[in-house]
Amino acid sequence: MHRGPSGVYLTTTTLGESVRAFVPNALPPEPPLDMNPARQRLLERAWLACGRLDAITALLPDPDLFLYAYVRREAVLSSQIEGTQSSLSDLLLFELDTAPGVPFDDVREVSNYVAALEHGLARLREGFPLCNRLLREIHATLLHSGRGAEKQPGEFRRSQNWIGGTRPGNAQYVPPPPDRVEPCMAALERFLHAPDAPGALVKAALAHVQFETIHPFLDGNGRVGRLLIALILHHDGVLRQPLLYLSLYFKQHRAEYYRLLDTVRHTGDWEAWLDFFLEGVAQTASGAVETAHRLLALFQADAARIQPLGRSAANVLRVFDALRHRPVANIDTLAAHTGLSFPTVARAIDALQRLAIVREITGKRRDRVFVYTAYLDLLNEPAQP
């Protein structure tokens, strides 16, 4: 199918030079997407994988436990794409008010991402619509401190930006001029709520490209664009718990991801992008299900190792349960979480160290921090910077 470019180029002057800025056509694509049998099968496979992920979260004894860990892993991965060096351990240490092993701004950026995602999900749960106002609120949370705090948090840009290159004239891509941002984003919002809009997976695929093409903010577009996918799938009821994040897939296939975004703009080949996106959804959802099964098996095996401890087993299991919720913790945090005294928690930690379930990571005698090693290792597998 031949469509031609998925928008028009406008000549605009910025920083004293004339450049061609790209303004995308409103969604959906014209002519409509070619949903041939192979693509339809890929779509069904992606839906099935999402269904399995949604089903396992319904069966979990504590879905919030997985949500806590997955949201933080996603924050780390999405921020790594933008160049931060934070690991999951760094983020959890930061949340514990303990110095992380990377520059402070890096880990604060990741922490802001967690806050932005949680803000967006909380607003959706209270019935707020998925709209441009919500995206601006998320952006304000994302950039409220640290790097980017001077880049108009919560506001669509009023100046020209560009991607790649040292100036607009040698940029790889120049998004719409600032006076076209509001109309383009208004059209994207209408598409998200159109009665004849495609199903949630196709909608999320198209909306992500459109958002990245508009690049409506001065900073943080990549992170908000990836969050938009999770918000659409949650808002449209694909997943009760927002546990599907494509940052790892985009990071692993970074060159292909950017090539396909350019291909949509230059030739209107939405189908090639959709195939890539649906494959990512299928792989990512299946991977999340596998991780959930592995974590459950780990928790059951480690709890079984604690049971023979006799009279102390009950308190050790309470501390172990707290570590399942917060795999990096100090004794004060664990005492607050369990309601046990400091000495009781300390004895339980000693028992967990003897079983090699936890280890101490500071090397200090005071203000010690303990890690549920196997749990963090499992989550960290794809998230090493």
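Colleague: Which residues lie nearest the centre of the largest pocket?
Modeller: In this predicted model, the lining of the largest pocket is made up of 22 residues. The pocket has a volume of about 430 Å³. Nearest its centre lie Glu82, Ile163, Glu212, His215 and Gly222.

Colleague: Which element gives the largest share of that lining?
Modeller: Helix H8 (221-235) and helix H10 (254-267) each supply at least two residues of the lining of the largest pocket. The largest share is 6 residues, and the element that supplies them is H10.

Colleague: How do the residues of this lining divide into nonpolar, polar and charged?
Modeller: Tyr counts as nonpolar and Gly as polar in this division. On that basis the lining of the largest pocket has 8 nonpolar, 6 polar and 8 charged residues.

Colleague: Is Asp219 buried or partly exposed?
Modeller: Asp219 sits in the loop between helix H7 (200-214) and H8. Asp219 has 24% relative accessibility, so it counts as partly exposed.

Colleague: And Asn221, with which residues is it in contact, leaving aside its neighbours within four places in sequence?
Modeller: Asn221 belongs to helix H8. At 4% relative accessibility, Asn221 counts as buried. With those neighbours left aside, the contacts of Asn221 are Asn161, Phe211, Glu212, His215 and Pro216.

Colleague: Which residues lie nearest the centre of the second largest pocket?
Modeller: The second largest pocket holds about 370 Å³ of space. Its lining consists of 21 residues. Those nearest the centre are Arg73, Leu248, Thr284, Gly287 and Ala288.

Colleague: Which elements give two or more residues to the lining of the second largest pocket, and which gives the largest share?
Modeller: Two or more residues come from each of helix H2 (63-81), helix H9 (247-252) and helix H11 (270-306). The residues of this lining divide into 10 nonpolar, 6 polar and 5 charged. The largest share, 7 residues, comes from H11.

Colleague: How far apart in sequence are the parts that the salt bridge between Lys203 and Asp236 ties together?
Modeller: The two side chains meet in a salt bridge at 2.8 Å, N to O. Lys203 lies in helix H7 and Asp236 in the loop between H8 and H9, so the pair ties together parts that are 33 residues apart in sequence.

Colleague: Which of these two partners is buried and which is partly exposed?
Modeller: Asp236 has a relative accessible area of 31%, so it is partly exposed.

Colleague: How far apart are the closest N and O atoms of Asp262 and Arg265?
Modeller: Both residues lie in helix H10, 3 residues apart, about one turn of the helix. Asp262 is buried, and so is Arg265. In their salt bridge, the closest N and O atoms are separated by 3.2 Å.

Colleague: In the pair Arg305 and Asp302, which residue is buried?
Modeller: The two form a salt bridge with the closest N and O atoms 3.0 Å apart. Both lie in helix H11, 3 residues apart. Arg305 is partly exposed at 38% relative accessibility. At 7% relative accessibility, the buried residue is Asp302.

Colleague: How many salt bridges does a search of the whole structure find?
Modeller: Some charged residues are linked in a network of salt bridges, namely Arg123, Glu126, Arg133 and Glu137. For the whole structure, the search finds 19.

Colleague: Why is helix H3 (residues 88-95) described as largely enclosed, and what do its buried residues pack against?
Modeller: Of the 8 residues of H3, 6 are buried, so the helix is largely enclosed by the rest of the structure. The buried residues are Leu88, Asp90, Leu91, Leu92, Leu93 and Phe94. They pack against H2, helix H4 (104-125), strand S3 (328-329) and helix H15 (373-380).

Colleague: Which residue just after H3 takes a positive phi?
Modeller: The phi angle there is about 60°. The residue is Asp97.

Terms used:
Residues are numbered from 1 along each chain as its sequence is written. This is a predicted model: local features need pLDDT of at least 70, side-chain atom pairs count only at pLDDT 80 or more; totals for chains, interfaces and linings use all residues. Side-chain values use heavy atoms; hydrogens and water are left out. On a 1 Å grid over the protein atoms alone, a cavity is a set of points where a 1.4 Å probe fits but cannot get out, and a pocket is an open set with protein on both sides within 12 Å along at least five of seven lines; lining residues have an atom within 4 Å of a point. Grid points are joined across faces, edges and corners, and a volume is the space filled by probe spheres set on the points. Helices (H or I, at least four residues) and strands (E, at least two) are DSSP runs, numbered from the N terminus. Buried means under 20% relative accessible area, exposed over 50%, partly exposed in between (1.4 Å probe, protein chains only). Contact means heavy atoms within 4.5 Å. A salt bridge is a side-chain nitrogen of Lys or Arg within 4 Å of a carboxyl oxygen of Asp or Glu.
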